[in-house]
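Reader: I would like to learn how to read a sheet and a core. Where do we begin?

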Amino acid sequence: MDKLKPIPYGRQSIDKADIEMVSNVLKTDWLTTGPMVKQFEDAVATYCRSRYAVAVNSGTAALHCAMYAIGIGPGDEVIVPPMTFAATANAVVYQKGTPVFADVYPDTLLINPSEVEKKITPKTRAVVAVDYAGQSCDYDTLRQIADDHQLFLIADACHSIGGSFRDRRVGSCADLNIFSFHPVKHITTGEGGMVTTNDKSLADRMQRFRNHGISRDAAQRQAADSWEYEIEELGFNYRLTDFQCALGLSQLKKLDTWIKKRNEIAKKYTHFFSTRDLVSPLKKHNDIVHAYHLYIVQLDFEKIGKSKPEVFSEFKSLGIHLNVHYIPVHLHPFYRKNFATFKGLCPVSETAYEKILSIPVFPAMSREDIYRVCSAFAGLLPGT
Ligand SMILES: *Cc1c(COP(=O)(O)O)cnc(C)c1O
């Protein structure tokens with residue numbers, strides 16, 4: 001019976017310390033827009049070696065803040081990869097900009113800088129790099145391109161907190177760096193997100209944007225003993241609560257241990273797959289610390305003689321839950337209809353989509369869990 005205990009592709013870890021931190025905040029006066037928000041922001045900024053951090057209530061809101069802060073509007077183009085969660089591109093559309101898709105490398109599924117260059121037009125304003133699966137993009141080459149063309153460089157680092165690129169921590173590689181604290185990500189606040197930056201004026205704009213465009217927040221008004229505020233621009237309510245920030249602070253303490261654990265699991269998988277011809281993990285570069293939000297394998301379904309849905313249900317019957325990250329964003333009907341995207345636009349992503357599977361990786365995975373996943377693959381592959 002225990003053999004069938006389901007193994008999800010990812011899940012959160014919550015301990016007593018987390019629960020205590022949250023319940024302590026629930027006993028205070030500040031449930032939202034209080035001291036915990038600043039503490040969490042400072043802790044993440046320090047961790048990432050970035051100057052400023054702005055907490056918001058989702059990774060999607062963080063992307064929207066970023067697009068707003070750099071002034072994306074009608075007519076502006078923003079280059080994004082198709083191998084990402086749709087929110088990366090959707091945030092451009094929230095600001096009435098146009099997402100332009102640049103294809104990825106076949107071995108890492110990270111955005112390919114030479115594809116980015118091909119997509120630059122006089123209307124291009126920014127490039128969003130997605131640290132797919134937890135591996136950092138080539139921020140040196142992307143920086144060069146961004147500087148040459150006077151573009152903003154944005155890192156969608158929702159997969160890569162805790163990782164690094166060369167001597168830089170994730171969160172300090174681009175002009176604006178985006179995090180998500182959804183339960184499936186490395187550290188969670190339930191829902192939540194953050195943007196880190198070294199640019200004070202961008203940070204200020206995002207702080208106003210998350211709070212209706214109001215010049216002073218509640219704490220600032222209280223400190224100034226004044227009811228006065230002004231709406232200077234149109235914003236949203238994207239605020240993150242204090243008890244969520246308390247959870248985030250508590251989780252952040254464990255991030256390094258968890259990244260290590262994820263790397264240990266990945267190492268075991270990589271070793272296991274190294275002798276299997278029909279399954280290949282993505283390539284990992286040597287000059288990065290991989291955060292392994294996902295462990296992706298590419299399968300030759302044709303040679304295995306089974307379809308993706310068949311493999312899915314076979315694994316499910318063994319209690320192993322697989323996933324696919326992602327359906328290339330430009331193939332979604334919304335993008336086809338509104339941005340005239342089509343099959344064939346990004347062939348590398350489209351071919352990869354046919355082959356990829358996300359297999360379980362999360363810090364609480366036991367040796368037995370890893371063994372079960374590997375055994376399921378051994379059973380799937382002829383002659384292994
Ligand atoms: C999770 C994720 C987001 C969105 O974050 P939410 O907190 O779910 O809004 C955006 N981009 C990528 C790459 C993600 O993985």
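Author: Strands here are DSSP E runs of at least two residues, and helices are H or I runs of at least four, numbered from the N terminus. This is a predicted model: local features need pLDDT of at least 70, side-chain atom pairs count only at pLDDT 80 or more, and totals for chains, interfaces and linings use all residues. Residues are numbered from 1 along each chain as its sequence is written, and side-chain values use heavy atoms, without hydrogens and water.

Reader: How many bridges join strand 10 and strand 12, and in which sense?

Author: Strands of a sheet pair through backbone hydrogen bonds, parallel or antiparallel. Strand 10 and strand 12 (residues 295-299) pair over 3 bridges, in the antiparallel sense. Pairing takes at least two DSSP bridges.

Reader: Which strands are the edge strands?

Author: The open sheet has 3 strands, ordered 10-12-13, with antiparallel pairing. Strand 10 (279-281) and strand 13 (356-359) are the edges, each pairing on one side only.

Reader: What does helix 15 touch on the sheet?

Author: Helix 15 touches strand 10, strand 12 and strand 13; contact means heavy atoms within 4.5 Å. Its direction makes about 5° with that of strand 12. Angles run from 0 to 180 degrees between N-to-C directions, with axes fitted to C-alpha atoms, for helices over the stretch in contact.

Reader: And the core?

Author: Nonpolar side chains tend to be buried together in soluble globular proteins. A nonpolar core joins buried Ala, Val, Leu, Ile, Met, Phe, Trp, Tyr and Cys residues through side-chain atoms within 4.5 Å. Buried is under 20% relative accessible area, exposed over 50%, partly exposed in between (1.4 Å probe, protein chains only). In the largest core, of 65 residues, Tyr132, Tyr139, Tyr269 and Phe377 touch the most other members. Helix 15 (residues 367-380) gives the most to this core, 6 residues.
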